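Me: I'm new to this one. Could you take me through the sheet, and what packs against it, in one go?

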Amino acid sequence: MRLEGKVAVITGGASGIGRATVMKFVQEGAKVVIADLALAQAEAVVAEVEAAGFAGAAAAAQTDVSVYADVEAAVARAVDEFGKLDVIFNNAGIAGGKALLDHDPEVDYQPMIRVDQDGVYHGILAAGRQFRAQGTPGVIISTSSIYGEQAAELSFSYSAAKAAVISFTRSAAYELAAYGIRAVAITPGRVGTPIINQFSDELKATFAAEQLRNKMTEPHEIADVVAFLASDEANVINGTVVHVDDGYSVFKQRLDLPVF
Ligand SMILES: NC(=O)c1ccc[n+]([C@@H]2O[C@H](COP(=O)([O-])OP(=O)(O)OC[C@H]3O[C@@H](n4cnc5c(N)ncnc54)[C@H](O)[C@@H]3O)[C@@H](O)[C@H]2O)c1
């Protein structure tokens, strides 16, 4: 088990990629605090963990990642409940989009930045301080997006926040290496979670066609990579972006090109 004895905080662990990562982490031997705004859903994931035979391996902490004190409390909960912190997965996020010139900054910019950008900053800061206090190595994994590296429709605020996650990761890796701390960002493409499942079948088929296997990524496929990145087997992956996008970022469109 590659995460035996490790303790993790997973933000946004009540749904989608975060939920799948909670399940993968406990299967790999970790203890996990599920830090999510949706307490009832987080508790339901704790129940799933218990039902899967991992009693006592997960705890739910109601957390708003846009509030630093909440994230600090989630880290403290990991220490109280499980004795220490080894990994934080800064994954909580919201989506939503509108054309730039239709923006109300208070509605279409600030909330996205507070959750998707500030939330990751808070996780890096709170976990980094805990790792330093413990005097142990630590791993910080943060969820960016393919949109963190490109312009996309209706995504002005989301792309900005996700680009900041990549910059935070580089700077954190550089600045915190002295404490034995690693930082890595992941960029999912089109993953079948509530954020995407709200769209029509037609749009979902288009999303699938944007990836090389011509299908949507399953949340557990992202979780597998996160578990590897959190493990000691990934010690040389530091400060970089790991593309978990099934090739989304390597091609533009499928062409039925004649031989010429
Ligand atoms: N699904 C995709 O295709 C996709 C693609 C690229 C990136 N991402 C990113 O992956 C991450 C997870 O998304 P998902 O698709 O699993 O979505 P999801 O909606 O299934 O899960 C998001 C979770 O974050 C929680 N959350 C929202 N706001 C919060 C807050 N302020 N504090 C704490 N928790 C909060 C929600 O309650 C939910 O449990 C997000 O950062 C998202 O931007 C998703």
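Reply: Two strands pair if DSSP finds at least two bridges between them, and strands here (E, at least two residues) and helices (H or I, at least four) are DSSP runs numbered from the N terminus. This is a predicted model, where local features need pLDDT of at least 70, side-chain atom pairs count only at pLDDT 80 or more, and totals for chains, interfaces and linings use all residues. Residues are numbered from 1 along each chain as its sequence is written.

Now the sheet: it's open, with 7 strands in the order β3-β2-β1-β4-β5-β6-β7 and parallel pairing. At the edges sit β3 (58–62) and β7 (241–244), each pairing on one side only. On average, neighbouring strands are turned by 20° against each other, direction ignored; axes are lines fitted to C-alpha atoms (for helices, over the stretch in contact), with angles from 0 to 180 degrees between N-to-C directions.

Zoom in on β5 (residues 138–143) and β6 (residues 181–188): they pair in the parallel sense over 6 bridges. There, V139 has R182 in β6 as its bridge partner.

What packs on the sheet? Helix α5 does, touching β5, β6 and β7, and its direction makes about 165° with that of β6. Contact means that the C-beta atoms of two residues, placed from the backbone, lie within 7 Å.
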